[in-house]
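Here are my notes on the model, for checking against the coordinates. They are kept to a few numbered points.

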Amino acid sequence: MPVGCRVFGHRPAFRADGPVMRWECERGCGEGGEKVYATAAEAQQFAAAFDRRGDAGLGERAPLLGMFPLRIWRWLRRRDARSG
């Protein structure tokens, strides 16, 4: 098992292959599994829901003062992306 999995835990990535939802650790430790759903649409829906990262919205829903530096950094990054 990689050190990252031992220290921080597994980082599962979910995907749908027809009616089968599969997941495996992005760190390459071999941990994973699969689940069969009634339809491919249902498997896709669950894979998309489970594959969301908790840190994706970091700084957007944060308390104003506690995460103020992160809010400023994200604002500058968005502004730079729009301008060039």
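1. F68 counts as partly exposed because its relative accessibility is 42%; partly exposed lies between buried (under 20% relative accessible area) and exposed (over 50%), with a 1.4 Å probe and protein chains only. F68 belongs to helix α3, residues 68-83. Helices here are DSSP runs of H or I with at least four residues, and strands are E runs of at least two, numbered from the N terminus.

2. The model is predicted: local features need pLDDT of at least 70, side-chain atom pairs count only at pLDDT 80 or more, and totals for chains, interfaces and linings use all residues. Residues are numbered from 1 along each chain as its sequence is written, and side-chain values use heavy atoms, leaving out hydrogens and water.

3. The largest nonpolar core has five residues: F14, M21, Y37, A43 and A47. Such a core is a set of buried Ala, Val, Leu, Ile, Met, Phe, Trp, Tyr and Cys residues joined through side-chain atoms within 4.5 Å. Beyond its neighbours within four places in sequence, A47 is in contact (heavy atoms within 4.5 Å) with F14, R15, A16 and M21.

4. Strands β2 (residues 20-25) and β3 (residues 32-36) run antiparallel and are joined by five bridges; pairing requires at least two DSSP bridges. They form a hairpin with six residues between them, and G28 in the turn has a positive phi of about 80°.

5. E24 lies in β2, and its bridge partner in β3 is G32. At 46% relative accessibility, E24 is partly exposed. The C-alpha atoms of E24 and H10 are separated by 8.9 Å, with the two residues 14 apart along the chain.
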